[in-house]
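Visitor: I would like a close look at a single part of this protein, with the cut-offs spelled out as you go.

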Amino acid sequence: MKISSLATVAALATALAMGGAFAQTPAPAPGAAPAATAKAPKEAKPRSAASIECSKQADEKGLKGKERKKFRRECIKEAGGKAAPAAAPAPAKQ
């Protein structure tokens, strides 16, 4: 009786182990839309002339990291008071 009990336990363990393999979800079909599962890339905002000019100035100064961010933020703030951003749409005329 000991061998039959051992065989029964082995059969049940195998059945349980195989059940997990069959419970997995199938691979998506080749024609399925991968964009639904993947994150859509962010659309780049148009950069203003002030932003581009401040980036050029930061490059000339060789700024990197936090110093560059701080410089660009202050530069754009100063330029914002002088002129409107280049990417702003013109108001519609009626």
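Visitor: With which side chain does the side chain of Ser 55 make a polar contact?

Guide: This is a predicted model, in which local features need pLDDT of at least 70 and side-chain atom pairs count only at pLDDT 80 or more, while totals for chains, interfaces and linings use all residues. Residues are numbered from 1 along each chain as its sequence is written, and side-chain values use heavy atoms, with hydrogens and water left out. The side chain of Ser 55 makes its polar contact with the side chain of Arg 72, at 2.9 Å (a pair of N or O atoms within 3.5 Å, where within protein one must be able to donate a hydrogen and the other to accept it, and residues adjacent in sequence count only if both atoms are side-chain atoms). Ser 55 lies in helix H2, residues 49–61 (helices are DSSP runs of H or I with at least four residues, numbered from the N terminus), and the protein chain has 3 helices and 0 strands. Ser 55 is buried, with a relative accessible area of 9% (buried means under 20%, exposed over 50%, partly exposed in between, with a 1.4 Å probe and protein chains only), and buried residues make up 9% of the 94 residues in the protein chain. Leaving aside neighbours within four places in sequence, Ser 55 is in contact with Arg 47, Arg 68 and Arg 72 (heavy atoms within 4.5 Å). Of these, Arg 68 is partly exposed at 22% relative accessibility, and its side chain meets that of Asp 59 in a salt bridge of 2.7 Å, N to O (a side-chain nitrogen of Lys or Arg within 4 Å of a carboxyl oxygen of Asp or Glu). Asp 59, for its part, is exposed, with a relative accessible area of 51%.

Terms used
Helices (H or I, at least four residues) and strands (E, at least two) are DSSP runs, numbered from the N terminus.
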